[in-house]
Amino acid sequence: MDRPVLDGVRLKNHAVHIDSRELMSVTGVKDVVSFNDVEIVLLTDAGEMRIEGEQLRITKLSIDEGQVLVEGEIIAMEYEERREQKTGLFSKVFR
C-alpha cells in the first residue's frame, strides 16, 4: 500500500488513535516541542501537532520508535499549517 502524500512529500508512518478522549497514541513522532498539563506540541512526520486538554501527561515516550502515549482529558487536536519558506532579498532581486 502506498503511503499518503501531503504537499508533494510522501509521509512516513504516522497515525493517531484516541480512546474515549482519555488516551491518545501517536506514531511517527520526531520530537516533543513542548508540554504541560494543558497543551502538548509534537513534531510528527505530518507536521507540528498540538494537543489541548486538561491534566495531560505523557505516559510513554519513545523517539527511537516514534511513539508517544498521552493520558488525560483530550479536548482538541490540530496540525499547524505548513509555513511557506521565506524568501530573502536576493531571491526577490534575482527572479
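Is Glu80 buried, partly exposed or exposed, and what is its relative accessible area? Glu80 is partly exposed, with a relative accessible area of 22%. The legends below describe close-up views of a predicted model.

**View 1. Overall arrangement of the protein.** Of the 95 residues in the protein, 27% are buried. Among contacts between residues at least 6 apart in sequence, 42% join residues at least 24 apart. The protein exposes about 7100 Å², and carbon and sulfur atoms supply 49% of this area.

**View 2. The salt bridge between Glu80 and Arg50.** The closest N and O atoms of Glu80 and Arg50 are 3.0 Å apart in this salt bridge. The pair links distant parts of the chain, with Glu80 in the loop between β8 (67-79) and α1 (89-93) and Arg50 in strand β7, 30 residues apart. Arg50 counts as buried at 18% relative accessibility, whereas Glu80 is partly exposed at 22%. Both residues belong to a network of salt bridges that also includes Glu39 and Glu78.

**View 3. The salt bridge between Lys30 and Asp45.** The structure holds six salt bridges, and one of them joins Lys30 to Asp45, with the closest N and O atoms 4.0 Å apart. Lys30 lies in strand β5 (residues 29-35) and Asp45 in the loop between β6 (39-44) and β7, so the pair ties together parts that are 15 residues apart in sequence. Asp45 is buried, with a relative accessible area of 17%; Lys30 is partly exposed, with a value of 46%.

**View 4. The salt bridge between Arg57 and Glu71.** The side chains of Arg57 and Glu71 meet at an N to O distance of 3.3 Å. Arg57 belongs to strand β7 and Glu71 to strand β8, and the pair links distant parts of the chain, 14 residues apart.

**View 5. Surroundings of Leu69 and Val70.** Thr59, found in strand β7 (residues 47-62), is ten residues from Leu69 in sequence, with a C-alpha to C-alpha separation of 5.5 Å. Not counting residues up to four places away in sequence, Thr59 touches Leu69, Val70 and Glu71. Thr59 counts as partly exposed at 39% relative accessibility. Leu23, in strand β4, lies 46 residues from Leu69 along the chain, yet their C-alpha atoms are separated by 7.2 Å. Beyond its neighbours within four places in sequence, Leu23 is in contact with His17, Ile18, Val70, Glu71 and Ile74. At 30% relative accessibility, Leu23 is partly exposed.

**View 6. The loop between β3 and β4.** Ser20 is placed in this loop, and its phi is near 50 degrees, a positive value in a residue other than glycine. Arg21, located in the loop between β3 and β4, likewise has a positive phi, about 55 degrees, although it is not a glycine. Ser20 is exposed, with a relative accessible area of 65%, while Arg21 is partly exposed at 48%. Glu22 also lies in the loop, between β3 (15-19) and β4 (23-27).

**View 7. A negative surface patch.** Glu22, Asp37, Glu54 and Glu73 form this patch. Glu22 is exposed, with a relative accessible area of 54%.

Key:
Residues numbered from 1 in each chain as written. Predicted model: local features only at pLDDT ≥ 70, side-chain atom pairs only at ≥ 80, totals over all residues. Heavy atoms only, no water. Patch = residues over 30% accessible without salt bridge, like charges linked within 9 Å, V, L, I, M, F, W, Y side chains within 5 Å. Areas by Shrake-Rupley, 256 points an atom, 1.4 Å probe, with all protein chains shown as cover. Lys, Arg positive; Asp, Glu negative; His and termini not counted. Charge placed at Lys NZ, Arg CZ, Asp CG, Glu CD. Helix = DSSP H or I, 4+ residues; strand = E, 2+ residues; numbered from the N terminus. Buried < 20%, exposed > 50% of the residue type's maximum accessible area, 1.4 Å probe, protein only. Contact = heavy atoms within 4.5 Å.
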